[in-house]
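Me: I would like to learn how to read a protein structure. Could you take me through one, feature by feature?

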Amino acid sequence: MNENGISSDGSSLLVMSQHTFSSDFGLLSRLVTKERAVMRSVLTDKLRSDAGSASLGVLTTLVDIVTSSPALAACGQDWVATQDLTLHATGPLTEGPVVIDARLVRIGKKMIHVSADVYDARGTTDLDELITALDAGGEDGPVLAARALVTFARLPRVAAPRADEYTPGEWVGVDREYPVVPVDGTIYSRLGMRIVDPDEGVLELDRTPFVANMIGTIQGGAQALLAESAAHAMRPDLVATDIQMHFLSQVRVGPARSYGTVVRDGDDHSVISIRLVDAGADDQLLALTTVTLQRPPTRAESGQPEL
(Lines give C-alpha, C1' and ligand atoms only; values in the text may rest on other atoms or scores of the structure.)
Protein backbone atom coordinates (compact mmCIF):
# COMPACT_ATOMS: atom_id res chain seq x y z
CA MET A 1 0.00 0.00 0.00
CA ASN A 2 1.46 3.36 -0.94
CA GLU A 3 0.97 6.75 0.71
CA ASN A 4 -2.07 7.48 -1.45
CA GLY A 5 -3.91 4.39 -0.24
CA ILE A 6 -3.41 2.44 -3.46
CA SER A 7 -2.55 -1.23 -3.14
CA SER A 8 -0.17 -3.18 -5.37
CA ASP A 9 -3.07 -4.56 -7.43
CA GLY A 10 -4.28 -1.05 -8.30
CA SER A 11 -7.30 -0.97 -5.98
CA SER A 12 -7.87 1.88 -3.55
CA LEU A 13 -7.89 1.34 0.20
CA LEU A 14 -11.39 1.51 1.61
CA VAL A 15 -12.04 1.13 5.32
CA MET A 16 -15.55 0.34 6.52
CA SER A 17 -17.49 3.05 8.35
CA GLN A 18 -19.05 2.81 11.81
CA HIS A 19 -22.25 4.00 10.09
CA THR A 20 -23.33 1.35 7.59
CA PHE A 21 -26.48 0.27 5.79
CA SER A 22 -27.19 -2.15 8.68
CA SER A 23 -26.70 0.38 11.50
CA ASP A 24 -30.42 0.39 12.38
CA PHE A 25 -30.83 -3.40 12.55
CA GLY A 26 -30.62 -3.30 16.36
CA LEU A 27 -28.28 -6.28 16.52
CA LEU A 28 -27.67 -8.23 19.71
CA SER A 29 -25.51 -11.34 19.49
CA ARG A 30 -23.97 -13.95 21.76
CA LEU A 31 -21.34 -16.55 21.00
CA VAL A 32 -22.93 -19.33 23.06
CA THR A 33 -19.93 -21.58 22.46
CA LYS A 34 -17.08 -21.30 19.98
CA GLU A 35 -19.21 -23.42 17.63
CA ARG A 36 -22.55 -21.61 18.06
CA ALA A 37 -23.76 -18.00 17.81
CA VAL A 38 -27.26 -16.58 18.25
CA MET A 39 -28.24 -13.12 17.03
CA ARG A 40 -31.41 -11.03 17.32
CA SER A 41 -32.41 -8.19 15.01
CA VAL A 42 -35.36 -5.82 14.95
CA LEU A 43 -37.86 -5.93 12.09
CA THR A 44 -39.07 -2.45 11.23
CA ASP A 45 -41.12 -1.40 8.22
CA LYS A 46 -37.93 -0.10 6.60
CA LEU A 47 -36.55 -3.65 6.52
CA ARG A 48 -39.56 -5.30 4.88
CA SER A 49 -40.22 -6.25 1.28
CA ASP A 50 -43.30 -5.02 -0.58
CA ALA A 51 -45.09 -8.14 0.66
CA GLY A 52 -44.68 -7.00 4.26
CA SER A 53 -42.24 -9.73 5.31
CA ALA A 54 -38.54 -9.40 6.13
CA SER A 55 -36.56 -8.59 3.01
CA LEU A 56 -34.53 -11.45 1.58
CA GLY A 57 -31.53 -9.13 1.43
CA VAL A 58 -31.91 -8.29 5.13
CA LEU A 59 -32.02 -11.96 6.09
CA THR A 60 -29.00 -12.67 3.91
CA THR A 61 -27.10 -9.79 5.52
CA LEU A 62 -27.93 -11.06 9.02
CA VAL A 63 -26.88 -14.60 8.14
CA ASP A 64 -23.60 -13.32 6.68
CA ILE A 65 -22.88 -11.38 9.87
CA VAL A 66 -23.75 -13.98 12.51
CA THR A 67 -22.17 -16.99 10.83
CA SER A 68 -18.81 -15.24 10.72
CA SER A 69 -18.48 -15.39 14.52
CA PRO A 70 -18.21 -19.19 14.91
CA ALA A 71 -16.15 -19.31 11.71
CA LEU A 72 -13.61 -16.82 13.05
CA ALA A 73 -13.64 -18.31 16.55
CA ALA A 74 -12.81 -21.70 15.07
CA CYS A 75 -10.02 -20.71 12.69
CA GLY A 76 -7.47 -19.41 15.18
CA GLN A 77 -5.21 -16.72 13.73
CA ASP A 78 -6.75 -16.79 10.25
CA TRP A 79 -9.38 -14.45 8.78
CA VAL A 80 -12.38 -15.52 6.71
CA ALA A 81 -14.26 -14.28 3.66
CA THR A 82 -17.68 -15.45 2.49
CA GLN A 83 -17.37 -17.68 -0.54
CA ASP A 84 -20.83 -19.25 -0.91
CA LEU A 85 -24.13 -18.43 0.74
CA THR A 86 -27.45 -20.20 0.23
CA LEU A 87 -30.71 -19.22 1.92
CA HIS A 88 -34.06 -20.95 1.39
CA ALA A 89 -37.22 -19.52 2.93
CA THR A 90 -39.73 -21.85 4.58
CA GLY A 91 -42.32 -19.14 5.14
CA PRO A 92 -42.71 -15.36 5.48
CA LEU A 93 -41.16 -13.68 8.51
CA THR A 94 -43.71 -11.03 9.38
CA GLU A 95 -43.83 -10.28 13.12
CA GLY A 96 -40.24 -10.25 14.32
CA PRO A 97 -37.80 -9.77 15.80
CA VAL A 98 -35.57 -11.94 13.66
CA VAL A 99 -33.47 -14.48 15.53
CA ILE A 100 -30.75 -16.59 13.90
CA ASP A 101 -29.11 -19.70 15.32
CA ALA A 102 -25.73 -20.29 13.62
CA ARG A 103 -23.68 -23.45 14.16
CA LEU A 104 -20.28 -24.57 12.94
CA VAL A 105 -20.66 -27.53 10.59
CA ARG A 106 -17.12 -28.25 9.46
CA ILE A 107 -13.71 -26.65 9.61
CA GLY A 108 -11.04 -27.55 7.06
CA LYS A 109 -7.63 -26.27 6.08
CA LYS A 110 -9.08 -23.98 3.37
CA MET A 111 -12.84 -23.80 4.02
CA ILE A 112 -15.20 -23.40 6.98
CA HIS A 113 -18.92 -24.26 6.77
CA VAL A 114 -21.55 -22.74 9.08
CA SER A 115 -25.31 -23.40 9.03
CA ALA A 116 -27.96 -20.94 10.13
CA ASP A 117 -31.63 -21.34 11.01
CA VAL A 118 -33.66 -18.14 10.74
CA TYR A 119 -36.71 -17.71 12.97
CA ASP A 120 -39.58 -15.31 13.57
CA ALA A 121 -39.33 -14.68 17.32
CA ARG A 122 -43.00 -13.58 17.42
CA GLY A 123 -42.49 -10.70 19.84
CA THR A 124 -39.88 -12.22 22.16
CA THR A 125 -36.87 -9.93 22.52
CA ASP A 126 -34.93 -11.29 25.51
CA LEU A 127 -31.91 -13.24 24.26
CA ASP A 128 -31.88 -15.69 27.17
CA GLU A 129 -35.54 -16.52 26.56
CA LEU A 130 -34.90 -16.94 22.85
CA ILE A 131 -31.96 -19.31 23.34
CA THR A 132 -33.97 -21.36 25.85
CA ALA A 133 -36.91 -21.53 23.43
CA LEU A 134 -34.65 -22.51 20.54
CA ASP A 135 -33.16 -25.32 22.59
CA ALA A 136 -36.57 -26.51 23.80
CA GLY A 137 -38.31 -26.38 20.43
CA GLY A 138 -42.08 -26.68 20.41
CA GLU A 139 -44.97 -24.78 18.86
CA ASP A 140 -44.89 -21.89 21.31
CA GLY A 141 -41.35 -20.82 20.48
CA PRO A 142 -39.83 -19.03 17.48
CA VAL A 143 -41.12 -20.14 14.07
CA LEU A 144 -38.63 -21.33 11.46
CA ALA A 145 -38.64 -18.97 8.48
CA ALA A 146 -35.50 -19.91 6.53
CA ARG A 147 -32.45 -22.15 6.48
CA ALA A 148 -29.02 -21.12 5.27
CA LEU A 149 -25.54 -22.52 4.73
CA VAL A 150 -22.44 -20.35 4.43
CA THR A 151 -19.00 -21.39 3.23
CA PHE A 152 -16.05 -19.23 4.23
CA ALA A 153 -12.59 -19.23 2.68
CA ARG A 154 -9.71 -18.98 5.13
CA LEU A 155 -7.41 -15.99 4.57
CA PRO A 156 -4.32 -14.60 6.28
CA ARG A 157 -5.44 -12.32 9.10
CA VAL A 158 -3.46 -9.42 7.62
CA ALA A 159 -6.06 -9.28 4.81
CA ALA A 160 -8.39 -7.31 7.11
CA PRO A 161 -7.36 -3.89 8.47
CA ARG A 162 -8.02 -3.63 12.23
CA ALA A 163 -8.49 -7.41 12.43
CA ASP A 164 -6.71 -7.44 15.80
CA GLU A 165 -9.67 -5.51 17.23
CA TYR A 166 -12.09 -8.26 16.16
CA THR A 167 -11.54 -11.39 18.27
CA PRO A 168 -14.64 -13.63 18.38
CA GLY A 169 -12.71 -16.41 20.11
CA GLU A 170 -12.80 -14.24 23.26
CA TRP A 171 -16.53 -13.53 23.13
CA VAL A 172 -17.99 -16.79 24.44
CA GLY A 173 -20.87 -15.97 26.78
CA VAL A 174 -20.62 -12.23 26.10
CA ASP A 175 -23.59 -10.26 24.76
CA ARG A 176 -22.52 -7.85 22.02
CA GLU A 177 -25.05 -5.12 21.29
CA TYR A 178 -24.64 -2.78 18.34
CA PRO A 179 -26.05 0.67 19.16
CA VAL A 180 -28.84 1.66 16.78
CA VAL A 181 -27.88 4.47 14.44
CA PRO A 182 -30.83 5.78 12.38
CA VAL A 183 -30.53 5.25 8.63
CA ASP A 184 -32.69 7.10 6.15
CA GLY A 185 -34.71 5.15 3.60
CA THR A 186 -35.85 1.58 3.19
CA ILE A 187 -33.37 -1.27 2.99
CA TYR A 188 -33.45 -0.87 -0.80
CA SER A 189 -33.37 2.93 -1.20
CA ARG A 190 -30.68 3.61 1.42
CA LEU A 191 -27.97 1.94 -0.66
CA GLY A 192 -28.39 4.43 -3.49
CA MET A 193 -28.56 1.75 -6.17
CA ARG A 194 -29.02 3.09 -9.68
CA ILE A 195 -31.42 1.35 -12.06
CA VAL A 196 -29.82 1.39 -15.50
CA ASP A 197 -32.06 -1.09 -17.37
CA PRO A 198 -34.83 -2.75 -15.30
CA ASP A 199 -35.85 -5.20 -18.05
CA GLU A 200 -32.33 -6.64 -18.15
CA GLY A 201 -31.78 -6.36 -14.40
CA VAL A 202 -28.95 -3.85 -14.78
CA LEU A 203 -28.38 -1.95 -11.54
CA GLU A 204 -25.28 -0.35 -10.02
CA LEU A 205 -24.00 -0.02 -6.46
CA ASP A 206 -21.00 2.15 -5.59
CA ARG A 207 -18.17 0.87 -3.42
CA THR A 208 -18.28 3.19 -0.41
CA PRO A 209 -17.53 2.89 3.34
CA PHE A 210 -21.33 2.68 3.89
CA VAL A 211 -21.38 -0.80 2.28
CA ALA A 212 -17.77 -1.94 2.80
CA ASN A 213 -16.58 -4.77 5.01
CA MET A 214 -13.29 -5.14 6.88
CA ILE A 215 -11.34 -6.28 3.83
CA GLY A 216 -12.51 -3.29 1.78
CA THR A 217 -14.92 -4.92 -0.63
CA ILE A 218 -18.71 -4.50 -0.73
CA GLN A 219 -20.32 -6.55 2.02
CA GLY A 220 -21.91 -9.82 0.97
CA GLY A 221 -25.28 -8.65 2.31
CA ALA A 222 -25.14 -5.47 0.22
CA GLN A 223 -24.30 -7.55 -2.86
CA ALA A 224 -27.28 -9.78 -2.03
CA LEU A 225 -29.51 -6.70 -1.88
CA LEU A 226 -28.18 -5.64 -5.29
CA ALA A 227 -29.01 -9.07 -6.72
CA GLU A 228 -32.43 -9.11 -5.05
CA SER A 229 -33.21 -5.63 -6.37
CA ALA A 230 -32.15 -6.63 -9.88
CA ALA A 231 -34.48 -9.63 -9.76
CA HIS A 232 -37.32 -7.45 -8.44
CA ALA A 233 -36.72 -4.97 -11.27
CA MET A 234 -37.17 -7.76 -13.80
CA ARG A 235 -40.23 -9.27 -12.08
CA PRO A 236 -41.79 -6.42 -10.04
CA ASP A 237 -44.97 -8.36 -9.19
CA LEU A 238 -43.05 -11.11 -7.39
CA VAL A 239 -41.10 -11.21 -4.12
CA ALA A 240 -37.67 -12.80 -3.69
CA THR A 241 -37.65 -15.73 -1.26
CA ASP A 242 -34.53 -17.81 -1.97
CA ILE A 243 -30.98 -16.93 -2.96
CA GLN A 244 -27.77 -18.75 -3.87
CA MET A 245 -24.60 -16.69 -4.05
CA HIS A 246 -21.15 -17.76 -5.20
CA PHE A 247 -18.58 -15.04 -4.54
CA LEU A 248 -15.69 -15.19 -6.98
CA SER A 249 -13.69 -12.00 -6.40
CA GLN A 250 -13.68 -8.74 -4.46
CA VAL A 251 -14.94 -5.36 -5.63
CA ARG A 252 -11.69 -3.48 -6.21
CA VAL A 253 -12.98 -0.31 -7.88
CA GLY A 254 -16.75 -0.31 -8.39
CA PRO A 255 -19.48 0.23 -9.01
CA ALA A 256 -20.78 -3.30 -8.71
CA ARG A 257 -23.14 -3.89 -11.62
CA SER A 258 -25.79 -6.57 -12.04
CA TYR A 259 -26.98 -8.35 -15.17
CA GLY A 260 -30.05 -10.61 -15.09
CA THR A 261 -31.15 -13.63 -17.10
CA VAL A 262 -34.48 -15.37 -16.69
CA VAL A 263 -33.97 -19.08 -16.06
CA ARG A 264 -37.63 -20.01 -15.61
CA ASP A 265 -41.02 -18.30 -15.50
CA GLY A 266 -43.88 -20.19 -13.86
CA ASP A 267 -47.45 -19.26 -13.04
CA ASP A 268 -46.54 -18.25 -9.51
CA HIS A 269 -42.77 -17.93 -9.50
CA SER A 270 -39.64 -17.02 -11.45
CA VAL A 271 -36.00 -18.07 -11.23
CA ILE A 272 -33.48 -15.44 -12.29
CA SER A 273 -29.73 -15.71 -12.65
CA ILE A 274 -27.89 -12.54 -11.63
CA ARG A 275 -24.28 -11.91 -12.61
CA LEU A 276 -22.41 -9.25 -10.60
CA VAL A 277 -19.32 -7.56 -12.06
CA ASP A 278 -16.91 -4.80 -11.08
CA ALA A 279 -17.78 -2.21 -13.73
CA GLY A 280 -14.70 -0.13 -12.90
CA ALA A 281 -12.31 -3.07 -13.29
CA ASP A 282 -13.07 -4.28 -16.82
CA ASP A 283 -16.23 -6.08 -15.67
CA GLN A 284 -14.32 -8.54 -13.52
CA LEU A 285 -16.77 -11.20 -12.38
CA LEU A 286 -17.69 -10.75 -8.70
CA ALA A 287 -20.47 -13.22 -8.03
CA LEU A 288 -22.89 -15.63 -9.66
CA THR A 289 -26.30 -15.54 -8.01
CA THR A 290 -29.63 -17.31 -8.45
CA VAL A 291 -32.74 -15.67 -7.02
CA THR A 292 -36.12 -17.37 -6.76
CA LEU A 293 -39.16 -15.10 -6.62
CA GLN A 294 -42.73 -16.08 -5.79
CA ARG A 295 -46.11 -14.45 -6.09
CA PRO A 296 -46.84 -13.01 -2.64
CA PRO A 297 -49.98 -14.16 -0.80
CA THR A 298 -52.86 -11.75 -0.45
CA ARG A 299 -53.25 -10.02 2.91
CA ALA A 300 -56.14 -12.35 3.72
CA GLU A 301 -54.05 -15.42 2.88
CA SER A 302 -51.18 -14.21 5.07
CA GLY A 303 -53.51 -13.45 7.98
CA GLN A 304 -52.93 -9.70 7.82
CA PRO A 305 -55.90 -7.31 8.07
CA GLU A 306 -57.14 -5.69 4.89
CA LEU A 307 -56.27 -2.02 4.52
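Predicted model: local features only at pLDDT ≥ 70, side-chain atom pairs only at ≥ 80, totals over all residues.

Me: Let us begin with salt bridges. How many does the structure hold?

Reply: A salt bridge pairs a side-chain nitrogen of Lys or Arg with a carboxyl oxygen of Asp or Glu, within 4 Å. The structure holds 14 of them.

Me: Show me one. Which side chain does R147 meet in a salt bridge?

Reply: That of D117. The N to O distance is 3.0 Å. Now look at where the two residues sit. R147 lies in strand β6, residues 143-155, and D117 in strand β5, residues 111-120. The pair therefore ties together parts that are 30 residues apart in sequence.

Me: Is R147 buried or partly exposed?

Reply: Check the relative accessibility. Under 20% is buried, over 50% is exposed, and partly exposed lies in between. R147 has 48%, so it counts as partly exposed.

Me: Next pair, please. Where do E204 and R194 lie?

Reply: E204 is in strand β9, residues 202-205, and R194 is in strand β8, residues 194-197. They are ten residues apart, and the pair links distant parts of the chain. Their side chains meet in a salt bridge of 3.1 Å, N to O. E204 has 11% and counts as buried. R194 has 33% and counts as partly exposed.

Me: Which residues are linked with R194 and E204 in a network of salt bridges?

Reply: D206, R257 and D283. Remember D283, as we will come back to that residue.

Me: One more pair. What is the salt-bridge partner of R235?

Reply: D265. The closest N and O atoms are 2.7 Å apart. R235 lies in the loop between α3 (220-234) and β10 (239-247). D265 lies in strand β11, residues 256-265. So this pair, too, ties together parts 30 residues apart in sequence. R235 is partly exposed, with a relative accessible area of 24%. D265 is partly exposed as well, at 45%.

Me: Now helices. At what angle do α1 and α3 pack?

Reply: To read a helix pair, take the angle and the distance between the axes. Helix α1, residues 56-74, packs with α3 at about 160°. Their axes are 8 Å apart. An angle over 145 degrees counts as roughly antiparallel. That is why α1 and α3 are called roughly antiparallel to each other.

Me: Is their crossing left-handed or right-handed?

Reply: α1 passes α3 in a right-handed crossing.

Me: Which residues make the contact?

Reply: From α1, they are L56, G57, V58, T60, T61 and D64. From α3, they are G220, G221, A222, A224, L225 and E228. Sort them by class and you get five nonpolar, five polar and two charged residues.

Me: Let me try a single residue. Where is A133 found?

Reply: In helix α2, residues 127-136. Its relative accessible area is 21%, so A133 is partly exposed.

Me: Which residues does A133 touch, not counting those up to four places away in sequence?

Reply: G141 and P142. Now set sequence against space. A133 and L31 are 102 residues apart in sequence. From C-alpha to C-alpha, A133 and L31 are 17 Å apart.

Me: What should I look for in the backbone?

Reply: Most peptide bonds are trans, and most residues other than glycine have a negative phi. Look for exceptions.

Me: Is the peptide bond from G96 to P97 cis or trans?

Reply: Cis, with omega near -5°. P97 is in the loop between β3 (79-89) and β4 (98-107). The bond from G254 to P255 is also cis, with omega near 0°. P255 is in the loop between β10 and β11.

Me: And phi? What value does D282 have?

Reply: Near 60°, a positive value in a residue other than glycine. D282 sits in the loop between β12 (269-278) and β13 (284-294). At 78% relative accessibility, D282 counts as exposed.

Me: Where is D283 found?

Reply: In the loop between β12 and β13. D283 has a positive phi of about 55°, although it is not a glycine. At 35% relative accessibility, D283 counts as partly exposed. This is the D283 of the salt-bridge network.

How values were computed:
Residues numbered from 1 in each chain as written. Heavy atoms only, no water. Helix = DSSP H or I, 4+ residues; strand = E, 2+ residues; numbered from the N terminus. Buried < 20%, exposed > 50% of the residue type's maximum accessible area, 1.4 Å probe, protein only. Axes fitted to C-alpha atoms, helices over the stretch in contact; angles between N-to-C directions. Parallel < 35°, antiparallel > 145°, perpendicular 65-115°, else oblique. Left-handed = near helix turned anticlockwise from the far one by under 90°. Contact = heavy atoms within 4.5 Å. Nonpolar A, V, L, I, M, F, W, Y, C, P; charged D, E, K, R; others polar.
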